Amino acid sequence: MLLPDMRLKKVTDISVEMLKKNKIEVILLDSDNTLIDLDKKPLDGVKEWIQLMKENNIKICILSNSIKKKKVEKIAKYLKVPYIYFAIKPTKIGFNRAKKLLNIKENSHIAEVGDQIFTDVLGTKRMKMFSILTEPICEEKVKLNNIKRKIEKHILKKYKAKE
Ligand SMILES: [Mg+2]
């Protein structure tokens with residue numbers, strides 16, 4: 001129940017071939033830390049990726065647990081996809097609302113992509129859908145910042161030595 005069917009670094013790593021191979025026709029997308037970071041900035045290349053999915057007849061819908069309608073609506077408008085906010089994953093409520101919205105009946109043809117095991121993966125497995133776990137965008141940012149800080153320290157050390 002807590003194991004995803006697939007693990008990827010980020011949502012844009014999902015290829016059309018991967019989806020076809022697993023008979024996926026619909027992707028439900030988590031928002032926070034999957035599509036947008038803590039500053040609400042969209043993941044690099046996500047708009048182009050959505051376009052590619054649409055061109056290959058993959059249906060997309062945002063399925064977010066966020067209670068902030070405006071925040072979810074903003075990213076949905078930017079990506080030109082429908083959305084469900086306050087989805088209450090891991091319950092089935094939001095998943096079923098998304099199914100109704102997209103008029104999809106067969107759960108096994110639906111994948112959900114998200115960064116959290118206890119909401120995204122658990123909810124998806126309960127729905128008997130295909131679960132794709134991605135790494136949270138922000139942890140990556142923290143890691144990058146740590147590297148940056150190390151470089152900064154190194155540079156500062158050199159600078160001080162020169163003084
Ligand atoms: Mg998330």
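Which residues is M129 in contact with, leaving aside its neighbours within four places in sequence?

Analyst: M129 is in contact with N107, I110, A111, E112 and T124, once neighbours within four places in sequence are left aside. Contact here requires that the C-beta atoms of two residues, placed from the backbone, lie within 7 Å. This is a predicted model, in which local features need pLDDT of at least 70, side-chain atom pairs count only at pLDDT 80 or more, and totals for chains, interfaces and linings use all residues. Residues are numbered from 1 along each chain as its sequence is written.

M129 is found in the loop between α5 (117-126) and β6 (130-134). Helices (H or I, at least four residues) and strands (E, at least two) are DSSP runs, numbered from the N terminus. M129 counts as buried because it has 22 C-beta neighbours inside 10 Å. The cut-offs are these: buried means 20 or more other C-beta atoms within 10 Å of the residue's own, exposed means 12 or fewer, and partly exposed lies in between; C-beta atoms are placed from the backbone.

Two strands pair if DSSP finds at least two bridges between them. β4 pairs with β3 (residues 59-63) in the parallel sense, over two bridges. I62 has Y83 in β4 as its bridge partner.

The largest nonpolar core has 33 residues, and I27, L28, L29, C61, I62, L63 and A111 touch the most other members. Such a core is a set of buried Ala, Val, Leu, Ile, Met, Phe, Trp, Tyr and Cys residues joined through C-beta atoms within 7 Å. Elements giving two or more residues to this core are β2 (26-29), β3, α3 (69-79), β4, α4 (93-102), β5 and β6. Take C61. Beyond four places in sequence, C61 is in contact with L28, V81, P82, Y83, I84, A98, L101 and L102.

Other loops hold backbone exceptions. Most residues other than glycine have a negative phi, and most peptide bonds are trans. K23, in the loop between α1 (16-21) and β2, has phi near 60°. K23 is exposed, because 11 other C-beta atoms lie within 10 Å. N103, in the loop between α4 and β5, has a positive phi of about 60°. N103 is exposed too, with 7 other C-beta atoms within 10 Å. The peptide bond from K89 to P90 is cis, with omega near 15°. P90 is found in the loop between β4 and α4.

Last, the whole chain. The protein has six helices and six strands, running β-α-β-α-β-α-β-α-β-α-β-α from the N terminus. Buried residues make up 34% of its 163 residues.
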